[in-house]
Amino acid sequence: MIKTKIKYILTFAAVMVFSGCGLYSYPYIEAPNVSKVVGGGVTECIIENASGNDPEVFRGYEIYYKFYDQNKRLAEQRDDHNAIFAKEEPDYTALLAVGYKRCRVIKNMKKDTTVPMIPIPSGFREDDFNITIDFKTLASGSNDEHAELLAEFKTMPIESIPLYRCIEDTKPESWETPGDINNVYKDFNSIDLEYEECHDSDLPTKEVSVSMYILSYGLYDNVYNLYSKPVWLGYVNCWNY
């Protein structure tokens, strides 16, 4: 009788494990390693590919950003970081909750950036390579007001990818790409210097710091979206006029 009960329990446990009994098991998505963080005069960050991910699941990377008032960045960014990692396994939703926005790589309102914004071809997903983002065009005192912020691949035959922001602007400039109503795609360097007040919905002031996080993205069974935890890329003080 005891043996029969044990056999029944083991059989039931096996069914629970393999069928999931309504619980679905997803692959774990490993976050990239950021070996060099921007900030304190360092304007270049280095992102190491998460080569341990399943190449059939892993697809690429997503980057999110937020502008802070330079005078308040240290405290506010620290509070946001603590809120993001208050969860054991945070994903992009934790970034959205504290006001971060998704970068774009296509400057076109009618053709939105697909997920992931930085796709990694299947043949390279298990390779060791670096992605470099150089923020020097955003650094305070830069004269190149409209230079693009680029994600550049090292040791990989992939072209550099420009990063944009999709925001609301009540008075877009002629060089900015307008969309519906007052939505505009802008370079990260674009700012309305001739106005006393900034008109970009993501800028708290003209003297700002930009902070960014990166996440790995995967697609399981061509249905389930998977995200790694966010990894901080650092911050850069910019547009200090």
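Visitor: Leaving aside neighbours within four places in sequence, which residues is Arg102 in contact with?
Guide: Arg102 is in contact with Glu62, Ile63, Tyr64, Tyr65, Thr113, Thr114, Val115, Pro116 and Met117, where contact means heavy atoms within 4.5 Å. The model is predicted: local features need pLDDT of at least 70, side-chain atom pairs count only at pLDDT 80 or more, and totals for chains, interfaces and linings use all residues. Residues are numbered from 1 along each chain as its sequence is written, and side-chain values use heavy atoms, with hydrogens and water left out.

Visitor: Why is Arg102 called buried?
Guide: The relative accessible area of Arg102 is 14%; buried means under 20%, exposed over 50% and partly exposed in between, with a 1.4 Å probe and protein chains only. Arg102 is therefore buried. The residue is found in strand β4, a strand being a DSSP run (E) of at least two residues, numbered from the N terminus.

Visitor: What makes the approach of the Arg102 side chain to the Glu62 side chain a polar contact?
Guide: The two side chains come to 2.5 Å. A polar contact is a pair of N or O atoms within 3.5 Å; within protein, one must be able to donate a hydrogen and the other to accept it, and residues adjacent in sequence count only if both atoms are side-chain atoms. The Arg102 side chain also reaches the backbone oxygen of Thr114, at 2.9 Å.

Visitor: What is the geometry of the peptide bond from Val115 to Pro116?
Guide: That bond is cis, with omega near 0°. Pro116 has its place in the loop between β4 (101-102) and β5 (118-119).

Visitor: How do you know whether Ser216 is buried or exposed?
Guide: The relative accessible area of Ser216 is 0%, so this residue is buried. Ser216 is placed in strand β11 (residues 208-220), and its side chain reaches the backbone oxygen of Glu30 at 2.8 Å. Beyond its neighbours within four places in sequence, the contacts of Ser216 include Ile29, Ala50, Phe58 and Tyr227.

Visitor: Which sense of pairing do β11 and β13 show?
Guide: They pair in the antiparallel sense over seven bridges; two strands count as paired if DSSP finds at least two bridges between them. Ile214 has Val231 as its bridge partner in β13.

Visitor: Why is strand β13 called largely enclosed?
Guide: Six of the eight residues of β13 (residues 231-238) are buried, so the rest of the structure largely encloses this strand.

Visitor: What lies between β11 and β12 in their hairpin?
Guide: Three residues lie between these strands, which pair in the antiparallel sense over four bridges. Tyr217 stands opposite Tyr227 in β12. In the loop between β11 and β12 (224-227) is Asp221, a residue other than glycine with a positive phi, near 60°. Asn222 lies in that loop, and its phi is near 55°.

Visitor: Why do Asp221 and Asn222 carry their accessibility labels?
Guide: Asp221 is at 44% and so counts as partly exposed, whereas Asn222 is at 63% and so is exposed.

Visitor: Which residues line the largest pocket?
Guide: The lining includes Tyr26, Pro27, Glu89, Asp91, Leu226 and Lys229. A pocket is an open set of points, on a 1 Å grid over the protein atoms alone, where a 1.4 Å probe fits, with protein on both sides within 12 Å along at least five of seven lines; lining residues have an atom within 4 Å of a point. The volume of the largest pocket is about 200 Å³.

Note on methods. Points joined across faces, edges and corners; volume = space filled by probe spheres on them.
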